[in-house]
Amino acid sequence: MPAAYVFLRREGQVLLQLRSGTGFMDGHWAAAAAGHVEPGESAVAAAVREAREELGVEVAPADLRPVTAMHRGQPGGPALEQRVDFFFEAVRWSGTPALQEPGKAADLAWFGFAALPAPVVPHERVVLRAMHDAGRHGSQVPAILTDGFG
């Protein structure tokens, strides 16, 4: 099942949430807004919806910049356990980001890319490191990343 992730950015920082009460990677820092793409919904529409639902902000589709897509799986796991994730970033939005689902996140904070908290959801850390490295070297994040294969 595909998922959409939104990294809000400002002045060399990224907004992350501390997962709690979800049953998946609780106690790990993660994208401030992320979730599964619903039936009949595009990845872009899902990103806009998740930003609204999880942070209370409105991000226009035109303000979402695709960062990368990630094909990930469990090493040696079945194809059914493979995922495709779409990562976006935004530097413009309306409203003030705030936790809207306190049962799913314990904290929300801005972090510099060079000073990320620990732990970060492992596959998201791969993307955040790629974003940091691209910014330092004036390059681009690879269009497709993989994680969890051999």
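**Cores, salt bridges and packing in a predicted chain**

Pro-2 touches His-36, Val-37, Val-84 and Phe-86, with residues up to four places away in sequence left out of the count; contact here means heavy atoms within 4.5 Å. The model is a predicted one, in which local features need pLDDT of at least 70 and side-chain atom pairs count only at pLDDT 80 or more, while totals for chains, interfaces and linings use all residues. Residues are numbered from 1 along each chain as its sequence is written, and side-chain values use heavy atoms, with hydrogens and water left out. Pro-2 has its place in the segment before β1; helices (H or I, at least four residues) and strands (E, at least two) are DSSP runs, numbered from the N terminus. With a relative accessible area of 33%, Pro-2 is partly exposed. On this scale, buried means under 20% relative accessible area, exposed means over 50%, and partly exposed lies in between (1.4 Å probe, protein chains only). Pro-2 and Leu-145 are 143 residues apart along the chain, and their C-alpha atoms are separated by 14 Å.

Stepping back to the whole chain, the secondary structure comes to two helices and eight strands. Read from the N terminus, the elements follow the order β-β-β-β-α-β-β-β-α-β. The radius of gyration is 15 Å, close to the 15 Å that the globule rule gives for 150 residues, so the chain is as compact as a globular protein of that length. This radius is taken over C-alpha atoms, and the globule rule is 2.2 Å times the number of residues to the power 0.38. The C-alpha trace spans about 45 × 35 × 30 Å along its principal axes. Of the 150 residues, 43% count as buried. Among contacts with a separation of 6 or more, 66% come from residues 24 or more positions apart.

The interior can be described through its nonpolar cores, each a set of buried Ala, Val, Leu, Ile, Met, Phe, Trp, Tyr and Cys residues joined through side-chain atoms within 4.5 Å. The largest core has 24 residues, of which Phe-7, Leu-16, Val-127, Leu-128 and Met-131 touch the most other members. Two or more residues of this core come from each of β1 (3–10), β2 (13–19), β3 (29–31), β5 (65–72), β7 (105–112) and α2 (122–137). The most is given by α2, with five residues. Beyond four places in sequence, Leu-128 touches Phe-7, Val-14, Leu-16, Phe-113, Leu-116 and Val-120. A second, separate core holds 19 residues, including Val-6, Ala-33, Ala-46 and Phe-88.

Buried residues of α1 include Ala-43, Ala-46, Val-48 and Leu-55. The buried residues of this helix pack against β1, β2, β4, β6 and β7. Just after α1, Gly-56 has a positive phi of about 70°.

Charged residues come next. Side chains of opposite charge can pair when their charged atoms come close. The structure holds nine salt bridges, each a side-chain nitrogen of Lys or Arg within 4 Å of a carboxyl oxygen of Asp or Glu. One of them joins Glu-89 to Arg-9, with the closest N and O atoms 2.6 Å apart. Glu-89 lies in strand β6 (residues 83–90) and Arg-9 in strand β1, so this pair ties together parts that are 80 residues apart in sequence. Glu-89 is buried, at 8% relative accessible area, whereas Arg-9 is partly exposed at 24%. Another salt bridge links Glu-38 with Arg-49, the closest N and O atoms being 3.6 Å apart. Glu-38 sits in the loop between β4 (33–36) and α1 (43–55) and Arg-49 in helix α1, so the pair ties together parts eleven residues apart in sequence. Glu-38, Glu-41, Arg-49, Glu-50 and Glu-53 are linked in a network of salt bridges.

Thr-68 is buried, with a relative accessible area of 7%. The side chain of Thr-68 reaches the backbone oxygen of Ala-143 at 3.1 Å. Apart from neighbours within four places in sequence, the contacts of Thr-68 include Phe-86, Val-127, Val-141 and Leu-145.

How values were computed
A polar contact is a pair of N or O atoms within 3.5 Å; within protein, one must be able to donate a hydrogen and the other to accept it, and residues adjacent in sequence count only if both atoms are side-chain atoms.
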